[in-house]
Each structure stands twice: as C-alpha cells, then as structure tokens.
Amino acid sequence: MSASSRLTSTLCRRAATSATNPASLTATSATTRIRTTQVARGIRSISSTTPSRLQRPNLSPTAYAGALRRAAALPTTSTRLYSSAAAEEDTFDPASIDRESDEVDVCIIGGGPAGLSAAIRLKQLANEAGNDDFRVLLLEKAGEIGAHILSGAVIQPTAINELIPDWLAEDNENRFTGATPAGKDSMKFLTEKFAIPCPTPPQMHNDGNYIVSLNEFTKWLGERAEEVGVEVYPGFAASEVLYQSDGSVKGVATNDLGIGRNGKPKDSFERGMEFHARVTLFGEGCHGSLTKQPQTYGLGIKEVWEVQPEKFEKGKVVHSMGYPLPMDTYGGAWMYHFGDNLVSIGQVIALDYSNPWLSPYGEFQKLKQHPLYKSVLEGGKCISYGARALVEGGFQSIPKVAFPGGALIGDTAGFVNVPKVKGTHNAMKSGMLAAEAAWNALQVPDSNSIFLYDYEDALRNSSIWSELKEVRNMRPSFHSPLGIYGGILYSGLEAFILKGRVPWTLKHKTQDHAATKDAKDCKKIEYPKPDGEITFDILTSVSRTGTNHEEDQPVHLQVRDWEKHTRETWPRWQGVENRFCPAGVYEYVEDESKEEGVRFQINAQNCIHCKTCDIKAPRQDINWQVPQGGEGPKYYMT
C-alpha cells in the first residue's frame, strides 16, 4: 500500500472511530487544528493520486459529517503547508505551485436547489443503470449546505414531486418535515396608514403550495444527495473556470487558502485544487462570481420572527405593493406564517431604482412600521435576518444555457417568475433537465468536448419556458412614465386577460447601475432612527446572520484603486454604496487629509454575500469574488 493510500485509510479510520467513540479524540491547540473542509480537501486530493476510488466508512451521512467535524480537532501534517519564510519572499507567486487535481464525470458548482436537484437526478440515473462508478461531485462555498440560502419562500412542489415523490410521505422516515401548506392568501396596496385590498393575480394563487424555510429545505436536499451517492463538499469556493485547449470548459479550481491581507502566504497557506469533469454545471445562484450574466435584479431583505401565538395564523400568505417605496421604484413585500408561531417578512426592491439616497434596508425598516405588519410583529422576537440579490429579467434575459463542456442552471440562468414570486420550482426543474441531458451525452464514447444540445431543447419545451413567456411583459411594464400605477394596470391586464398572448415583448430599460441618478438631482431621504423593538440598526441585523470572515485575508470585494473610486464616485453619488449595501460593508469616513474630505472603507467581514455591490455600483468597479471557502453568513430558518 502506498503512503498516500495508507494516509487515506488512516483518515477514514479516524472518522469511523470518532463517530463511535468521540472520547478517543484528544484536544489540540488552535495552531494545530484543521478545518473540516481541509480534512475533506486532504482526503479527496490524496485519493485522486491513487487509482482506486475513496470509500467512505460505513456510516450514515450525518454520522460521517459529524466524524469529519470531530476529526478537524486532530493534529495533522500536510505537505502543502508552507513556512513563514515563503511569506517573506516578495516575489512569491502562488501560481508557481502546482495544484492537485481530481477527475470526475460531472462537477456541479453551487449547493442550492438547482445544483442539488441536478446532482440527485444524475445519481438516480446512474444508480438505475447500475453504474456505481459514475462520479458526481458538488462544490459549495458555504461551510454547510444551505447556510447561504435565503428566500421568502412559498414553493410550488411540481419539481420536488417529480424528483423525490415521497418527500412528504408519512411512511418516509427521511421526509421533509418543515413544509407548511399555504392557506389563505391576499394582496394589498399600501398607503402610509392603510392597506387597500386588491385582486390577487392568478399567478400568485397558492393552492397546493408550501411555505418553507428554503435554508432548511436545501439542507434536507443535501442529505438526500449524499444518500444517493453524490460527493458533496461544502466549504469549497470555486474561484476559477478551467478550459481545454479548444476553449471548452474543463472544470474549475478552488481558491487558495492561507493568504494574508497583504497578499503573501501565511504558515497555513494551501494551494487551491482543480476539479476536472466531462461536464460542469454552474448553479451559483444569482450573479455568481464565475457566471455574471447581464440581467436586471432586485434585492430581497428578510427577517424571521417568532410572534405571539394569538397573532399567528398558520399558512397565511400576504403580499403588498406601494408604501414605503417611491412611485418610480418597483418592489413588493410579503408576510408568511409558517411552522410554529414563525413569520417570514421581507421586501424586494428592484435595483434599477434611480435615487441614490434610497436605502433598501431603510425602506424595509419603514415597511415594518406599517400597521399591516407592525400589528403582527409587536410583542414578538426577531430571530433571523438576511439579504440576497435575485434575478428579475425573466424571459427576455435568459441566456444561451449550454456551451462546450457545461451549462448554466437555476438562478444563474435566471428562471425566477417575478409576478408569481417564485423560482425554486424552475431552478430545480432546470437542474433536472440539465442532468438528464448530461447523462445522455455521457453515454456516447467520445473524447471531444460535450455540448448539451438536449438541455437547450428540453428547456424550450418545458414548463419553465412557457411559464416565463406568459408573464414576460409584466416586470418591464413598470418602466412606463406612470411608474407603479401604470405597471399595476398593465400587469393586471396581462394577468387576467392577455396572459402573454400578445405579439410584442417589452424590453428592460437599462442596466441597474446605469439607472442611478446624481445625488444633487434627487430628493434626499431621511430614515427614522430604529426603535430596537420593531426596527433595528444595520449592525444588529448583521449580527443575526451568523456571518464570519477571517480578517487576515485579501479583501474579497475587489476595488482596484480605492482613491480613484472615491474621486469618481463620492462627488456624484454621495456614498451610494453605504446605502445600497444591507450589511454595512461600505463606508465613507471623514478624513480632512483627503481631497474629497472622506476616505473610502470596506468592512469585508460584514459581507453577507448578497452581491448587490457588484450589481449596483455606478462605476461597476466593485468586483465580488469568493472569500475563503466556508466563510460568509450562516443563515437560520431563512
């Protein structure tokens, strides 16, 4: 047995032993501990140097994951750790060190509903064919599956019914237990004091749908993926797309670990790893760092509250438009009663708003003071907060989803039905369609790059295509001079009568960042101070996200020249970054030594990975890149 094989076996034995005898692990100092993801990284990279495939010990997925977490406390040696002497080398280039690699059949980037659905469907097909050696590997930048997932969410169960038909069955011991059947739903138009009932568009009817925490639902999907044999690796942040010599996608590489804020390697430096695949599916979600698509976007801000029992109406669904948003700003809000005395409340604001003084976070705090929402929240407790950009481009913005060597799935391609206020079912279905196309393509022995023609065709013949085509004109109709009122009138006409059966397709007016007007041309908005009971300051909210980033690492919010950014941005937009960010990441600090009187500052540790800055920065000079794998928010019940 080779040294690498012996080490692989040792790590597996340790994991198995720790699962049955946790006391066998001895505590170690912080300097000798390794993270869970590094254990997984070490096992996989070592196994890739041997012909045989790594076999996990005979444990349940939960026990195995726990064993790896406990194994993270074990001392270890690694040939890929470097001394501080390397850090002193000004000429040190991480690229000078070869990356280890692994070969798989299909590599999936992103552990959201789309990526997990694709992974599960692929392994279902492989298992049905008796192909146990068919490798499907999924990389997720969050430290745990579901930790970066945030949505309303009322889900339409069509896709999950197809993928896992017994997902709610009482006789299924692994059923999902967090689904609340949607009950009575209503639509309101808000003024400052009143909530005016409106007809609920047919797309928003929720008979047969379920209110869930998408964060919890995604965790559950991750467990189902492991059950069927998907290799699921959270804590691995894909940071680079790899290409074959013919230009087709070869796979991805994860980012380097252990680099200091000064850009030099620390003692813990570890080179990233390459994952090569015949097919790579990108399911990064909205505005992924590897797959940034031209789109129009919204920013969703959400809280989860535990409310007083007498105010709880299980299954109740409420949507609203109007106050507090200005007439020329598209957006809406929701309130869903689910679980046991839990209420999901949130607001989506289109990022093509024009007034740079507007703060989506501030608007959300004002929303909660409206009697419709305040009457439910009073006396309750906010237990979770989060924010995430979402795609709003719809049918007009769907890109070519297939390319040599891979495809785009889920929100990466933009399958959210905005008028329906849903996208999970389409994301999952797209992952399943791509999986079936990939499986069929891989059955043909061919050394050339693979193109998933079947995926493009299946998508156009699917419910995703027809559903989005029907509502294609609703979102862009709000660009009319009548603003929200014109949009509501036209959307009502489309929803109840036309239903997309018109010869025209309205276009989106402009990219979101280009819609921002100069501060001097807009009315300044003053937001009331938070009361600490219904409304909160932004840092209190961020503390509810579980966000964590190691401070000594390169800032993952990349601005090439901070001084130039200040000179070009501050005079015209007066700190728009501070207002569009829902996590207090960006600041302009008074500094008399600077020509503009302020200094631009990035508090990257606060970042909750919403991607708004990459979308809305007026100069498009903020580039959101992945931090070290496993970092960011750790959402709860979102």
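**Close-up views of a predicted model**

**View A. Glu-223 and its salt-bridge partner.** In this predicted model, Glu-223 counts as partly exposed, its relative accessibility being 37%. Its side chain meets that of Arg-224 in a salt bridge, with an N to O distance of 3.6 Å, and Arg-224 counts as buried at 9% relative accessibility.

**View B. The salt bridge between Lys-292 and Asp-614.** The side chains of these two residues, Lys-292 and Asp-614, meet at 2.5 Å, N to O. Because Lys-292 lies in the loop between β13 (274-282) and β14 (297-306) while Asp-614 belongs to helix α17 (residues 612-616), the pair ties together parts that are 322 residues apart in sequence. Lys-292 counts as partly exposed at 29% relative accessibility, whereas Asp-614, with a relative accessible area of 7%, is buried.

**View C. The salt bridge between Asp-518 and Arg-572.** The closest N and O atoms of Asp-518 and Arg-572 are 2.8 Å apart. This pair links distant parts of the chain, 54 residues apart, with Asp-518 in the loop between α13 (483-498) and α14 (538-542) and Arg-572 in helix α15 (residues 562-573). Asp-518 counts as buried at 15% relative accessibility, and Arg-572 counts as partly exposed at 35%.

View E. Helix α5 (residues 113-128) has 16 residues and reaches 22 Å from its first C-alpha to its last, close to the 22 Å expected at 1.5 Å a residue. Of these 16 residues, 14 are buried, so α5 is largely enclosed by the rest of the structure. The helix is followed by Gly-130, which has a positive phi near 75°.

Technical notes: Residues numbered from 1 in each chain as written. Predicted model: local features only at pLDDT ≥ 70, side-chain atom pairs only at ≥ 80, totals over all residues. Heavy atoms only, no water. Helix = DSSP H or I, 4+ residues; strand = E, 2+ residues; numbered from the N terminus. Expected span 1.5 Å × (residues − 1). Buried < 20%, exposed > 50% of the residue type's maximum accessible area, 1.4 Å probe, protein only. Salt bridge = Lys/Arg side-chain N within 4 Å of Asp/Glu carboxyl O.
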